[in-house]
Amino acid sequence: YLVAMYFSNFLPSTMGGDAYRAYESWRWGTSKSGALAVVFVDRFLGLLVLMLFASVAALFSPEIMSSDPSLYAWVIVGTLGCVALTAIIFVPSEYLPRLVTRLPIACKEKLLKILQSFLAFQGKTSVLIRALWLSTLLQANVVIHYFLISEALGLNIPFMSFFLIVPLATFIMMLPISINAIGLREGTFAFFFAAFGVLHPEAIAFSWIVYGMIVVQGLIGGVLYALRR
C-alpha cells in the first residue's frame, strides 16, 4: 500500500497507485482479472461509505448546500449509483453473464473473464458486511484526519460539514485530470471552504498539509520499494 502511494505521486488522479496494487497482487500469484476486481471493490466500497456519509451530512451543511441547490440531487444520484453497483457485485444474478455473451464486441471473452472475477463476491453477504464495517471505520478516520488539520489551522469549519466536503473532494480528485490531483486538490478545497469564509491562502495551506502527508507516506513507500528490489 505504501509503495502504491509512492507511485501515485507520478500517476494521474489519486487512484494511480491502484494499478501498482493490482500488479503486485498479480505478481504474487493472483490472476490479473482477480487482482483488478479486488482493488476495484476495495476502492468502490470506500466510495460507497463516503457517499452515504455525504447523503446524511448534506442535511446538516446549509452553508455548502445553499451555494448550489442541485448539489444534494447529485449526492443522492451518486449514492444510489453506488448502492446499485454494490447489488450487482454482491447479489447473485444469472443475467449478467448472459448479457455479456450477447454483446457484439471483440473483447467479449476478456470482459466475461473480468466479470467472473466479480461474480466471486456474489452471495458473500458476510464479506460485504465486514468490508463495509471496516471501510466505515477507515473513512471516518479519514474525515477526522481532515477535520483535525483544519482545527490546527484555526479554520473553524463545522465537524459535520467534513462528512460532506471529504466525499465530494475525494470524488473530484479521482478524476484523471492532473498528477495525483495536484492543483485540483487546492481548487476543490478552496471552493468548498469559501462557503465558510475561508480565504484562498488558508485553503491552499490546508491542501498542502494534506498533500505533504501523502508525499511523506509515498517517500516511505519509495524507500521500501528500493530496498525490496
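The side chain of Ser 13 has a polar atom 3.0 Å from the backbone nitrogen of Met 15. This is a polar contact, a term for a pair of N or O atoms within 3.5 Å; within protein, one of them must be able to donate a hydrogen and the other to accept it, and residues adjacent in sequence count only if both atoms are side-chain atoms. The model you are looking at is predicted, so local features need pLDDT of at least 70 and side-chain atom pairs count only at pLDDT 80 or more, while totals for chains, interfaces and linings use all residues. Residues are numbered from 1 along each chain as its sequence is written, and side-chain values use heavy atoms, with hydrogens and water left out.

Let us stay with Ser 13 for a moment. Ser 13 sits in the loop between α1 (2-8) and α2 (17-27); helices here are DSSP runs of H or I with at least four residues, numbered from the N terminus. With a relative accessible area of 4%, Ser 13 is buried. On this scale, buried means under 20% relative accessible area, exposed means over 50%, and partly exposed lies in between, with a 1.4 Å probe and protein chains only. Apart from its neighbours within four places in sequence, Ser 13 is in contact (heavy atoms within 4.5 Å) with Ser 8, Met 173, Met 174, Leu 175, Pro 176, Ser 178, Asn 180 and Ala 181. Its phi is worth a look too: the value is near 65°, positive in a residue other than glycine. Most residues other than glycine have a negative phi.

Where else does a residue other than glycine have a positive phi? Asn 156 has one, with phi near 55°. Asn 156 is in the loop between α8 (125-152) and α9 (162-173), and its relative accessibility of 63% makes it exposed.

Side chains of opposite charge can pair when their charged atoms come close. A salt bridge is counted when a side-chain nitrogen of Lys or Arg is within 4 Å of a carboxyl oxygen of Asp or Glu, and the whole structure has four of them. One joins Arg 43 to Asp 18, with the closest N and O atoms 2.9 Å apart. Because Arg 43 belongs to helix α3 and Asp 18 to helix α2, this pair ties together parts that are 25 residues apart in sequence. Arg 43 is partly exposed at 28%, whereas Asp 18 is buried at 11%.

Another salt bridge is formed by Arg 21 and Asp 42, at 2.5 Å from N to O. Arg 21 lies in α2 and Asp 42 in α3, so here the parts tied together are 21 residues apart in sequence. Arg 21 counts as buried at 18%, and Asp 42 as partly exposed at 40%.

Glu 24 is buried at 11%, while Arg 27 is partly exposed at 43%.

A nonpolar core is a set of buried Ala, Val, Leu, Ile, Met, Phe, Trp, Tyr and Cys residues joined through side-chain atoms within 4.5 Å. The largest one has 51 residues, and those touching the most other members are Tyr 146, Ile 157, Phe 162, Leu 164, Ile 165, Phe 193 and Phe 206. At least two residues of this core come from each of α3 (32-57), α4, α5 (71-90), α8, α9, α10 and α11, and α3 gives the largest share, twelve residues.

Phe 193 leads us on to α10. Beyond its neighbours within four places in sequence, Phe 193 is in contact with Leu 155, Ile 157, Phe 162, Ile 165, Val 198, Ala 203 and Phe 206. Helix α10 (residues 184-193) has eight of its ten residues buried, so it is largely enclosed by the rest of the structure. The cover over these buried residues includes α4 (62-65), α8, α9 and α11.
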